[in-house]
Amino acid sequence: MSQIEEKNLKDILQEVKKHNKRADTKLITKAYNYAVAHHGDQKRLSGESYIIHPVQVAYILSSIGLDDATICAALMHDLAEDTDVTIEDIKNEFSEEIAELVNGVTKLGKINYVSAEEQQVENYRKMFLAMGKDIRVILIKLADRLHNMRTLKYLARDRQIANAKETLELYAPLANRLGVYSLKWELEDLAFKYLYPEDFREIVEGIDKKREERLKFIDAITEEIRVNLKKEKIVAEITGRAKHFYSIYRKMQRDNKTLDQIYDLFALRILVNSVKDCYAALGVVHELYTPMPGRFKDYISVPKPNMYQSLHTTLIGPNGTPFEVQIRTYNMHRIAEFGIAAHWAYKEQSFLKGKKANVVVSEDKLSWLRESLEWQKDMQDPQEFLTTLKTELFEDEVYVFTPKGEIKTLQKGSTPIDFAYSIHAEIGNKMTGCKINSKMMPIITKLNNGDIVEIITSDNSKGPSRDWLKFVQSSSAKNKILQWFKKHDKQENIEKGKAIVEREIKRLGFSYEELFIQKYYAPALQRYNFKNLDEMYSAVGFGSIGASKIITRTLEEYKKDNKEDDVEVEEKIKELHKNENLKPKSSKTGIIVKGIDNCLVKISKCCTPVPGDDIIGYITRGRGVTVHRKDCKNIKDLFQDEGRIIDVYWDEEKQSSYNVEINVFANDRQGLLAEVINTISKSDVNLVAINAKSNKEKIVVIEMTIEVKSLEDLNHAQREIGKIDSVYEVKRKK
């Protein structure tokens, strides 16, 4: 990553005019002067004048072709938060459109929240709702975050880590979802730099060492492809590019490889004039080099939901070195770089001339956002909202077909249950079975690209099972299942919720009649968006929100009328806050079983999970709960008895050690075993057992059991062993 040069108003105006010759430069200049006047002498932590930040944010947005209103909003995006300027002032001085954009990125004011975490999540909610109305809000927020990440060195280490983590978990996936790869890559690499500085430095130095050698390799291939494309009369622009540091790191982690074992660190990009030329160019490169099986992806005929289109293929070059080629048209390339911004700037702008420039985005492009806004309405629990939001943003897809040949795009790891609910809620609710590629299969089977899925339904179905929630991937499917249960069990939930609230009030030493009168509980209903008391009771009974949150807000109101009890009431509020943060007790194995304290828990020997693995519990007869990895080969058998599946999760605060079996495959040589043992001893893990055997072909298989504290420890040990000369594969035993 090169040092980004600081920009000024002149740079912004030049960039804006590149994309739109009719840009209102006077309006942008007015917004700049307004921001300068009101930020005044404010300074950033770097000691620089504050105005530098909004100017850089505005420049980032001008470089991806955003309109005048967005640039003005970017220049003034911190005024309502950090100065005495109000949204109303901006509306009067500029326009309602610009004021709404600024309002969308402005954090919430002083509201009494149960916790700082809840306040942060409410800020996310506000941002997403504003984004649903106008996508430009999130583009301003992404540019704001990017410039903050570029200047992260001025913050304390704990703030660097917190901001980098949030960027990697929320903002980079959001940029990816919107297809704005020009922002996504830099956000990821900057977050990586601050979260894992040692790994970052190792990759940067490792790539620099062999840069010349790799560039020669790429130059030779580029020339050969250029000559052959010319022969076929295909006009093309070919560029070589280094893969981004974080994508290399993820590949190393995913495949358990060292940097030396990853060959496709550089990729070629071929830009052509038409879709026909894309496929013709693909034919040329496949003729020149051998394609790697299973590594071809056609995102032109099946675009990603974020509008990305391209052909991807991995080829075997000279000396057996793999390299990647991406082929796309110039228009596809613009959309690949700027995503939804390109869609707005190039497709909608002409349509909007003479009208209020509100963003019009076609329904299919942001269907995931509409669904996100639907499910978030019913989530009162802040942590659940945030976890689901982060999961929803990670865009790993699987493409499957209906029996009529219609393509459905689902999240990776999706099951036929997800597929059924993606068609319609009623199909999911009446589902009794499924066929995958004409064969009857369990409804929790993970779907693969190209599968043809047929859902079997029955009008006599009793509805979905609660156990489905453990296996569905999409928030949309989870929400539809939860909606069914909320409606189906509503009366039962109301009664249960009321009993929980009454019990908690009694425990605190109050009477229900004394505390739960309308003027005390009404603000709680308003705060958590409940229409009436029954709706609130139903949510408590269902588990959507804890009774303590409702009672805390009610006590705040009660306190206003009962000043003499101030100290006692304050103590009760503190107690509720404390209980809110209490975690269930974990077992000796460092695993928490949902809803059960001090449960007997055993780690299954068939898949030996460690912290970091996705896990699920199985209630055994007389032996407590056995914990399996979710990808364990025995899960399908266990699921035959659905009632015995239970939610379990790792206690992040408890450090325990776990045995894991790994297999090492290597070419036999003198001193190999000693070197493996020596590497293990240096890797901060314990060697429990080891067994080595060699066959006639001089291939050695070393089976060993090591003791680790986390998946990270295990991956580190495997990577270190993988660096040993003659070792060609290190695998965790399934």
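**View 1. Packing of helix α11 against helix α14.** In this predicted model, where local features need pLDDT of at least 70, side-chain atom pairs count only at pLDDT 80 or more, and totals for chains, interfaces and linings use all residues, helix α11 (residues 181–195) packs with helix α14 (residues 245–255) at an angle of about 65°, their axes lying 8 Å apart. The axes are lines fitted to C-alpha atoms over the stretch in contact, with angles running from 0 to 180 degrees between N-to-C directions, and helices are DSSP runs of H or I with at least four residues, strands runs of E with at least two. The two helices are therefore roughly perpendicular, a term that covers 65 to 115 degrees. On the α11 side W185, E188, D189 and F192 meet F245, Y246, S247 and Y249 of α14, contact meaning heavy atoms within 4.5 Å. Residues are numbered from 1 along each chain as its sequence is written, and side-chain values use heavy atoms, without hydrogens or water.

**View 2. Salt bridge between R136 and D67.** The side chains of R136 and D67 form a salt bridge at 2.8 Å, N to O, the criterion being a side-chain nitrogen of Lys or Arg within 4 Å of a carboxyl oxygen of Asp or Glu. Because R136 belongs to helix α9 (residues 136–150) and D67 to the loop between α3 (52–63) and α4 (68–75), the pair ties together parts 69 residues apart in sequence. By this rule the count of salt bridges is 22.

Technical notes:
Angles under 35 degrees count as roughly parallel, over 145 as roughly antiparallel, 65 to 115 as roughly perpendicular and the rest as oblique.
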